[in-house]
Amino acid sequence: MSAALNGAILVSVAGGVLSLDRTAAFQVMVSRPIVTAPVIGYLLGHPLWGLVAGAVLELLLIGDLPVGRYVPVHETALSALVTGITIVALEGMGAADGYAGLKSEMTVLPLAVLIALPVGKVFQKADIITRKMNARLFERAALSIDAGSAVLLRENLKGAVLFLITNTVALLVTAVPLMTGAEYVFTRFALKPFTAAFAALLLAGAGAAAWSITTGRSAYVFGASAAVAGALLTWLAL
Amino acid sequence: MISAVSFIKVFIGSFFIQSSWSFEKMQGLGFASAISPALDEIYGGDEAQKKGAYKRHLAFYNAHPYMASPVLGVAINMEEKARRGECAKEAPARFKSLVMGPYGAIGDAFFWGAARPLASIAGVLATVFWSMWGPLVFLVVYNLFHLLMRWYGLKKGIELGDGVVAFIKSLDLPMLGVRLKYLSAALLGVLCAASAVSLLPPSRGGAMTTALAIAASVTAALLSGYAFKKGLTIQALASIVLAPLILYGIIF
């Protein structure tokens with residue numbers, strides 16, 4: 001079995017488990033990109049690369065909120081997939097590990113985001129299917145409620161199991177072809193260092209974050225704080 | 001009052017309130033499952049009353065998941081009163097249907113709209129300065145708000161009954177949310193400046209170049225923020241900006 005295939009299976013299982021936190025259990029936010037991506041990176045042997053991917057995705061997906069019946073972008077699966085593709089590609093290119101490989105990551109990460117974003121629809125669909133299937137659990141609990149509270153607990157937890165299965169399967173279906181494909185391509189064609197797309201991605205993330213916190217005069221606070229911090233950091237760096 | 005063991009069971013159950021989330025009944029089964037240990041204690045061996053209580057709570061319910069904790073507490077308080085004949089059996093269900101809409105809106109605006117962006121920006125900023133501590137900073141900042149609401153919401157709900165409405169009002173979450181957004185905006189400004197300085201340090205291009213990079217990044221962030229506000233999706237932005245840039249990078 002190739003390293004990419006092993007990695008894809010690991011990404012799918014870990015991503016599926018972390019996805020539970022998104023809706024089904026806990027909601028302590030270990031499912032957010034800033035946590036999920038470094039965890040996936042750690043499992044694949046490159047936590048720092050995962051951290052960079054997670055930080056960028058966290059900003060980019062900050063404003064997509066699960067309000068009412070709306071099912072937002074599946075940020076957990078997306079960050080697991082982006083991290084998986086990025087790491088496999090960087091390994092394929094023979095990038096140096098840790099900080100030395102960050103310039104290569106800045107080249108690859110935007111491409112991984114561009115590939116994974118349309119695939120995100122698969123995760124959204126899987127989420128919607130699970131939520132539809134969960135309606136049966138409610139009916140079953142209502143029918144056998146005379147059996148006591150154990151029925152309520154059991155049927156409720158079955159919902160979490162359903163979320164786990166559908167998320168893991170959706171990740172397997174997408175991660176296996178994309179990660180093995182990335183391994184195949186990047187062991188043959190290495191990209192030249194190019195950081196402009198990464199800078200654009202970072203700025204888009206800052207824009208998404210700015211939009212999500214817009215209130216009253218927040219734009220002035222943002223600008224003023226950037227000016228003061230910029231002056232201070234430049235003075236310190238000189 | 002329910003025992004500490006039942007309290008802990010309900011508290012743990014509140015973390016699974018969305019496990020069986022469905023479009024029809026939303027958190028209905030999760031709510032019934034979370035409150036069931038308390039109902040078991042309140043009604044003890046009175047099977048008929050207990051089953052009646054299960055059925056009352058196995059109904060449509062939807063609010064913000066963290067704001068379910070004070071509602072769970074009030075429902076437990078009212079079930080205890082109903083058991084003693086001090087209020088109608090329908091009172092908990094009536095209370096749930098009255099507050100779930102407003103509490104859903106308050107929770108969405110505060111936790112999703114203000115606390116999470118603050119934690120995210122603080123986490124990313126911590127990543128820029130302290131690398132691997134970033135995710136931890138994110139988790140600590142966010143869960144400070146989250147776990148306090150889960151624990152005290154449930155506790156105060158059980159203690160105060162429907163008086164918890166006044167307690168939640170006294171927290172003034174909408175105003176606190178606005179303050180958190182200003183704090184987030186300030187941190188985002190620092191993040192933009194720090195990113196510009198680290199990508200284009202003054203030692204490389206001089207102080208003026210760095211200053212221009214900071215100004216450009218703030219302007220670009222505000223412009224893309226405005227574009228998001230006007231309905232631009234992340235997918236569309238990626239296709240419009242990233243695809244041509246990546247293509248340029250590959251070709252040249």
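**Chain A to start with**

Author: Chain A has 8 helices and 0 strands. Helices (H or I, at least four residues) and strands (E, at least two) are DSSP runs, numbered from the N terminus. This is a predicted model, where local features need pLDDT of at least 70, side-chain atom pairs count only at pLDDT 80 or more, and totals for chains, interfaces and linings use all residues. Residues are numbered from 1 along each chain as its sequence is written, while chains are lettered from A and ligands numbered from 1 in the order in which they are written.

Reader: Ok, and what pattern does chain A follow along the sequence?

Author: Along the sequence, chain A reads α-α-α-α-α-α-α-α. Its C-alpha atoms fill a box of roughly 75 × 55 × 25 Å along the principal axes.

Reader: What pLDDT does chain A average?

Author: The average is 93, and 99% of the residues score at least 70. pLDDT is the predictor's confidence in each residue, from 0 to 100.

Reader: How much of chain A is buried?

Author: Buried residues make up 59% of its 238 residues. A residue is buried if 20 or more other C-beta atoms lie within 10 Å of its own, exposed if 12 or fewer, and partly exposed in between, with C-beta atoms placed from the backbone. As for contacts in chain A between residues at least 6 apart in sequence, 76% join residues at least 24 apart. Two residues are in contact if their C-beta atoms, placed from the backbone, lie within 7 Å.

Reader: Switching to chain B: how many of its residues are in contact with chain A?

Author: 84 residues of chain B are in contact with 83 residues of chain A. H8(B), residues 173-199, gives the most to the side of chain B that touches chain A, with 17 residues. By class, that side has 50 nonpolar, 26 polar and 8 charged residues. Here Ala, Val, Leu, Ile, Met, Phe, Trp, Tyr, Cys and Pro count as nonpolar, Asp, Glu, Lys and Arg as charged, and the others, Gly among them, as polar.

Reader: Which domains does chain B have?

Author: The assignment gives domain 1 (4-175) and domain 2 (205-252). Such bounds come from an automatic or database domain assignment. The centres of the two domains of chain B, taken over C-alpha atoms, are 41 Å apart.

Reader: Where does H5(B) bend?

Author: H5(B) bends by about 40 degrees at B:Met100, and a proline, B:Pro102, follows within four residues. The bend at a residue is the angle between axes fitted to the seven residues ending there and the seven starting there.

Reader: And what follows H5(B)?

Author: B:Ser131, whose phi is positive, near 50 degrees, although B:Ser131 is not a glycine. It sits in the loop between H5 and H6 of chain B.

Reader: Is B:Met26 buried or exposed?

Author: B:Met26 counts as buried, because it has 24 C-beta neighbours inside 10 Å. B:Met26 lies in the loop between helix H1 (4-14) and H2 of chain B, and its phi is near 50 degrees, a positive value in a residue other than glycine.

Reader: Why is B:Ser131 called partly exposed?

Author: Because B:Ser131 has 14 other C-beta atoms within 10 Å.

Reader: Last one: how far apart in space are B:Glu159 and B:Met132?

Author: They are 41 Å apart, C-alpha to C-alpha, and 27 residues apart in sequence. B:Glu159 lies in helix H6 of chain B.
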